[in-house]
Each structure stands twice: as structure tokens, then as C-alpha cells.
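This briefing covers selected local features of the structure below.

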Amino acid sequence: MHLRIDPTRLTTPHEAAGDGNYDAVIVGSGVSGAMIAEQLCKEGKRVLMLEAGPITSKSLRGYNDYVTNYFVSPGKDSQAPFPENPNAPMPRTPLLRKLQPGQVDSNTYMVQTGPYVTDTVYSRTLGGTTMHWQAKTPRMVPEDFKTRTLYDQGLDWPISYDDLEPDYQRAEREMGVSGDVTALRYPGGSPYPKDYVYPMKGMPPSYLDQMVNDGIEGTSVELDGQTIPLQVRPFPQARNGIPNEAYDGGKGYTPIGAVNTHQVDFGERCQGNTNCVPICPVQAKYWSGKTLAKVLRMNDEPDKGEIKILPQAVASKVEINPENGHVAGIQVKVYKNPDSPEHETITVRGKIYVITTAAIETARLLLASGLPSTSGLVGRNYIDHAYLFSWGLTPKICGAYRGTDCISGILDLRNGPFRKHQAAFSVDINNNGWSVATSSPYTDVTALVDDGNLFGSQLRRGLVDRVSRQLLFAFMIDVPANESNRVTVDPQYTDALGNMRPNLSFTTPEYSMRGAAYARQFAKTVFSRMGVIDYTQYSPSNFGYVVYEGEGYEIHGGCHLGGTHIMGTNKNNSVVDANQRSWDHANLYLAGGGSMPSIGTANITLTIAALCYRSTRAMLKQLSFETTTGATIHKTTGYHHGFSRHCDT
Amino acid sequence: MDSHDIATLESLEEHLFSAMVLEHATLPAYLTALYSIKPGTNQDASNILRVVAVEEMLHMTIAANLLNAIGGTVNLTQTGFVPSYPTYLPDSIDDFQIHIEAFTPSALETFLKIERPVYLGTVQQRVVKRRIPNHVWCLSPNKDGTTQYTTIGEFYNAIKESFIRLEAEAQAKGSTIFTGDPAFQITSEYYYSGGGKLFPVTNLDSAVQAIDLVIEQGEGYVDEDKPTGVFDQYGEIAHFYRFEQLRLGRYYVRGDKPGFPTGPAIEIDWDAVYLTVVDPKLADYPEGSELYQAALNFNIAYAQFLALLTEAYNGKRELMMRAAVPAMFDFRNLMNRLIRNPAPQQHGRHAAATFEIDATNAILGTAKA
């Protein structure tokens, strides 16, 4: 698709600051920012979008530079494609270290205040974290929305699965999901409407998926008195596959390929490259630039709205009108060069403000602006999945490193009455060998050379033998909301522009560790059924090492950030309402995973996207209310009146 | 009726098979140029060459659909399907040959000639009939090798006119020329490319639509009243203009006039290319050497690929996605094994795939016997 960000679409600090007529100021160009911009512009609204990072990926050349950065980088972490940017830094994993009790690690952008250390990351660049996400798009299950009521764990949502279901469908269309609904209809799974199909057909299972299925099909596990039959099921994923002609009542679907400043024809189908994370080399994977491309096209259509993008613009302070609590503007530091802290500070204003910078940054911005909210919950209830890996060698070659990072998994333990006692999990069958756990295949070379004394053709054979038999299960474990897991700010930790950095403090609760312990046993059981030799080793020196009931585990972050501005039923128990609108600031929306009071065992992006549709309806209603009541913007002060109540709930 | 028209169903089948030969004949040239580019360099040129190559495969598949639609037989394994390089195209007898060569300025000029837009002349000017000199190997839709077309667009226009007339004649007799098995039609489910959907050809409308797609992707939008445009009616940029962007050093964007692109600049680093032996032959590599073996292996893989495609076009459609497309990815590695290595006694030039499929089959046949 033709994403064209030319000078007429970009705005300047001067122009942005002087323009008082934006309907919405959106902070962030990730999935929420792009989808909300798309829905607003479709209805004729004017949007200013701030992106803290550079907009390199607007062209195929820039995007491919990121791909090259990743290929040539000796470390293959999730941020490998993106050059260091001290003005809009992002968390990076290679520098993490284990914390001793009471220690604080401020070596990386995200200050780790312990007791646990997380390698969770998010990206600050055009496209946000959709640049590096894996693109799995499972829906949450209905029970995930009421875990407090059902299991006495975490927090309930103010809305149900059924409330969100139609928006799930919209999100699946926008992101272009490939999936096989029939394989996902099972007891405890997410209910789909009768006859629903995804826009594209399911990705073909990898050879490894089939091998695992052959090993477990027909077997079951007992859990809390319940017999759970096992089988490998494909994940739905936002990657281009074969369009399903039955989609949309027989209208079918046209995949959206790469975006670019000029025409390219690229990325209409996934090619099975095994580096979805950190960057799809062909843009077959959805990233929010595809939605932005649609928004930018609308600029040319008379009945549609307009978007202006201000790049390298870091939102630094949300300014509040003390009279009515409305947001009066957002202070932005705009820099010209990532290598220099030189910047100018402007204030941008709109009728409504939408902060979409993912759970950690959104909380950081609000707290840095001195806005902890009536509930005091801004930054609290930080949620992320706890990841536990188990890995081994299959008896025969299993085709590791063939196919996308992950196509299928074991999903039947995502839900069940056992959730009263232990956390549910979803299992990924990784096609990229042991790489996420051991940095294979690089460490395999070291091991074979140093420990095995191999060289020449023997080394080559040894590598093939070892790498092509690597099986890894990644357990994605539910972590319920807990107020003490939180993001804070501290004036002693600032970035190059003087913005306060996020501080993260969290513990993996026992409930989740019980799930982790069960997951480990589960892996051993399945490995033995498959004849897989277990190579799993958790190192006490690893930053994620946790001891639970005498056993050590390495718990990793999931980059599935939720909970720092949770939605709820009133301003005392939550930060935003069911439309992601701030209880305290009537013209402010906080969109993203931070609104989610629970994330269950679903990768969160699809649910984040679905919420955008809900929120945009509320925003449009609010904007039209403002128009019909004749409320005006007081341009001289920049303060807005007329939004004194929630008119949308 | 014009004497150059394709008057019989048999002649139409010959033309359609020639269309497949023609679409395919460009692939070895495009692939060699593509993989001669040093990794990480010349991204713009790589992207353009890649998409054009993928679309040539699409065009070949459309030609197969057309041929299958009228009950013809598709066989890419027959002797002569892959030409001997250098080769002329049906429209190129006067001015150029296609070479297997690295990405060079002269290769780019050849690509532009391959994809040049329809010559806007009279019907009499458009089709030429003459005898091809004996020493020249040339693709021709006629068994006697006499009919040529000034451009590929002309060639397809002649095919289109023939479809229209032959179907009208058949309809007048209460029958149809579309007697092929619809289960042989390759659709988007089995192959995709940058632009243009693959749809089944089952009647005159779909046949005309398919032919127009090939013409427009190659040469640009053709309209009676307008000159050819940079973008086709689906908003896709034609091959000729894709390549012209490389010559002019700038991308076309919507609204640009031919010859005057206004998009982002393109830079080409002509030095970041492995210069390969032009029109290499197995005989250029020392027999028994690794290069010779690699070249032979490539040809074997390529012969297998053509056999797979033949099966896919003859009812086993699922082989397209399951085997033929993955094979195209394999070619990159197989060709790189040659292109990344200098060939001995070739004045520093690097090796390249020879695409001598018939010769390879002969060698293998002899070995078997």
C-alpha cells in the first residue's frame, strides 16, 4: 500500500503549536494511535499525531534499514532494528542484570526498582510496538473479563466479552488476521459468532507443529479434577495469508502489503521468515503504518478528515485547566537530531486528547505531569505476562527455524475452573529453536567449539544436528492485577531531554508461580511423551531467576503491558471508564493495554485494537455533543469548556 | 480479415504457449540481475527486479489459464521451452537480444526494451511478417518462425482479438471455445503477486480481462484515446515505468506524466554488483569443479521446478503454493552459490546460472543410460 508521508502531511512545531483547530491530539503512532486516527479521520475530524521517535519506517528504504540493522546486529533482541535514541529512549534487554534485595538498576532507560527484573520492552518509533510484535491475535476468553468474580483473582472488567465481540471483528479486519476459526472452537475457548471466518485462511502448521501434535494428540492432563485433552491448535495471527473468499459474507479480503512513499508490491503474503520478532523483513506482518497509510489517503478525500504528523516530538507534560480539570494542552519537546538533546518546547492543543503510548509510557507521562488521579491508581496494577521457557532436543530433525516464529500452540489450558488456584497459560510452540531462551544458534556454536572441541566439517555437522532438533515451549502465564506492581517516576532519573524515566517495581505473584510450576511439569510430561530430551536449565545468575517451592525458574517479561490506568465502574476504583476516557479529565482518553484490568492468556494487541473502536465511538459522540451544544474553544487561553460531563455512557 | 490474424484454435493455442515461453524467457535475465546485486545494496533496484520477476510468473500463469481455458495442453518440460541465451523475443528481432547478465546499465536498457509500451501505429505497422535469419534463435508463435510482433503488447492484442473472433464464430455455431477443465485454473489462492488478482478464465469476459491485466502490468494503461499511462487502472505501476524509474533516478508517484517522475530519488551503485559471465554455459566452468557442479545442480533444480509447474498447471494446483513458490525461494541460494564466486579464466567475472535446461536433461539422460 501507498503510505506517503511527504512534507504536506508532516507538520512543524511552529504550525502545530499555532493551530488551535485540531479535534484530537493523539500521542503515539502505534496500534491505538493509528486506529483511533483512522476512525476519527473517516468521520471528518482533524487529528494531530505526535510521535516521540523518528519516522524512518515510512518508506520501504527506511524500514529495510531497520531490517538490515537487525541482520547485522550481533545481539538479536527485540530492539535490535532501532538505533539508540537518547531523546526518546526505550527499554533494552542486553544490559539487564540480576538485582540484590534493595538494589535499583538504572543502567537502562526503564529503571528497575525490583524486587524482580523484567526484560519486557516496547518500541518508540513510527509504528510503536507493532514494529516488533509477533502478531499473534488470540481473543481473550469470556472468563478473562471477570476473574475477580469467578476466581477471586485480579480485577473484573466493566464490560464483557460479548460487549467487545463486534469490535474484535473490526480489529481483525483492520489488522488482517489469518486464522482458522474451526480449529479454535473448543470448550473454554473464545466463542465466535456462527459462520464467522477470519479475513484470511489459517497459516499452514509448521512441520514441528505437526510433530508435537503427533506426540500429544489423544493424550490429556488432569488438573483440578478436570481432564483436559491435548491437541495443537493454530493461533490466529495478523500476518498476510491466503484471503478467505467466504469472508465478509462472500466479499473476501484483499491483503495489505508493505507501506511506502512510492509504490512497491511487497508483503502480500507471509514468506515464513523466522524473524517476525523483532521485524518482519517483508511487511507481511501487520504494523500500524498500514492503518496510517489509510488515514493519510483520506487527506485527499473531500468528506474525510485530515491528519498531521509531528515526528520526534516527545509529549512531556499534560497541562490541566484547574477550573474544570480538562486537559488544556500537551507540552511537547521537539528535537531535530536524536544525537543532540537540543530541542524546542511547544504546547499543542485540541478538543480531545488521546494518549496511546503503551502502559508504561502513558503512566509515566501522567505521573510526570503530576496526575495520579482520584483513585490514585495511575501506574498501579501493572500487568505483563510471565513467560517460562522449556526446551529440549527432539529425537528426529524437527525443522527448527522453518516457518514463522510461532504458528501454533497448546491452548486448552487457557481456561478452566483450576484458575481459582493457579494461573492459566497458553503454550507457544516456537519455530525459532531455542533462540528466545538461549540465544541459539550463537550459543550452540560456542558450546560445540568450547565444550565439544569441534571444528571444520564436524562443527558444521554438529550444528546442523543440534540446531535442527531444537524444540521450545514458551508458556505465557496469566498474571492478575496487583496494586503493588507499579510504574512510578523519580526526578533523579531523567532522559536526555530532561523527561522523567519510568521506574518499574513488580513481583510475580504466587498464583502465577503455581502456574509456572505446573507449566514446567507439563513440559516434562509432554517432552517424555514425545521422546524429547530436556535441556532446560535455569541459571541463578539470570536476571529473571525466581525460586518457588524450592525449585528455580527463569521468568521473563512478555511485552504485553497492561493495567497502569485500568478501566472500571467509577472514579474511585479505576482511572478510565469503559470507553478509556479519564474519569478526572473529561477530554482525555488513555487508550491501550493500560486500560485492561486483566489480560488473561491472550496476547494483548487485538484486544487493544478492539477497544479503539469502542473509544472512538465515544470520542465522536463527545465531539458532536460539543458541536451541537455550541460549546466553543477559548483559543486565547486554550482551555476548553463544554465537556463537563460524560455524555457517552 | 487481416492476414496476420490468429485464425484457428490451434494457432491460438500455439500463440498462448508462445506467451508462456515469452513470459518465462525474461525470468532468467531478471533473476540473474536481481541476485547479482551485492547484499544490502541497491535496495530500490532489488525491489523493482523482484516484483517484476514475480509478476512475470503471474503472467506465465495467466497464459496457462488462458491455454487451459480453451482445452490446450501446458507442458513446460518440452524441449525448447527454456531458450538458449542470448535470445530474441517475438518482438525484438530488429534491435535487441536478452542476455543472462548482471545488473548493469546495458542490462537495464534491455529490460526497458522488453517492457516497452505498445507501438502506437496502424495494424499494418504493428505486425510484421518476415523470415528470421537462420543463425538467429528466436521465439516465435509460428512453427515456421515467421510472424513477429513489434511489442509484447501487440502480441497479446492479437491474442485478444483472436479470442473474441474465435468465440464469436463458435457461439454462432452454438458452441464455445472455452471447453477446458475449470479445475485447472490457477487462482489467487494458489499464487499471488504484487498486483492483479488471479481469477479463473472460463469465458470471453474473463479471458479479455486476463489479457488486459498482462498488457497493463507490462506496459501501462492502454486506452484508445490516451497515450499509455504510468499506472494501470488498478493503480499499479507498469513494468516499463518501474524500470524507467531506475534509469531516471526517481520514483513515479500518482499523477506523474511518463518520463517525468516526481517521487523520491533513487540512487544506483553500479559498483555494488557482482559482474558475471555474460550468457554463461556449463562449458565455461571447468568440468568436475565445484562451480560446474553448482551450475548443474541449479539447472537440475530448475528443470524440476518446470516439471512441478507443469503438474500444477495440469490439475494439481496445490503444488503451486506448496512446492513451486518455495522452489523460487531456493533459487536465491542456488544462484548465490554461483554468483558469489569468481569463475576461473573468465577475466575476474563471477559465475552465474546457465539455464541450459535441455542440455542438462541430455547430460542426465546420458548419465542414466
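Helices here are DSSP runs of H or I with at least four residues, numbered from the N terminus. The model is predicted. In it, A:Gln283 sits in the loop between helix 8 (247–250) and helix 9 (289–298) of chain A.

- Most residues other than glycine have a negative phi, and most peptide bonds are trans.
- A:Gln283 has a positive phi, near 60°, and is buried, with 26 other C-beta atoms within 10 Å.
- A:Asn381 has a positive phi near 65° and lies in the loop between helix 10 and strand 12 (386–393) of chain A.

**Cis peptide bonds**
- A:Gly114 to A:Pro115 is a cis peptide bond with omega near 0°; A:Pro115 is in the loop between strand 3 and helix 4 (147–151) of chain A.
- B:Tyr85 to B:Pro86 is also cis, with omega near 5°, and B:Pro86 belongs to the loop between helix 2 (43–69) and helix 3 (105–114) of chain B.

**A sheet in chain A**
- Three strands form an open, mixed sheet in the order 3-17-16, with strand 3 (111–112) and strand 16 (486–494) at the edges.
- Strands 16 and 17 (residues 500–505) of chain A run antiparallel and are joined by five bridges.
- Helix 10 (residues 358–368) of chain A packs on this sheet, touching strands 16 and 17, and its direction makes about 60° with that of strand 16.

**Helix 7 of chain B**
- Eight of the ten residues of helix 7 (residues 239–248) of chain B are buried, so this helix is largely enclosed by the rest of the structure.
- The buried residues include B:Phe240, B:Arg242 and B:Glu244.
- B:Gly249 follows helix 7 of chain B and has a positive phi, near 75°.

Terms used: Residues numbered from 1 in each chain as written. Chains lettered and ligands numbered in written order. Predicted model: local features only at pLDDT ≥ 70, side-chain atom pairs only at ≥ 80, totals over all residues. Buried ≥ 20, exposed ≤ 12 C-beta atoms within 10 Å, placed from the backbone. Helix = DSSP H or I, 4+ residues; strand = E, 2+ residues; numbered from the N terminus. Pairing = 2+ DSSP bridges. Contact = placed C-beta atoms within 7 Å. Axes fitted to C-alpha atoms, helices over the stretch in contact; angles between N-to-C directions.
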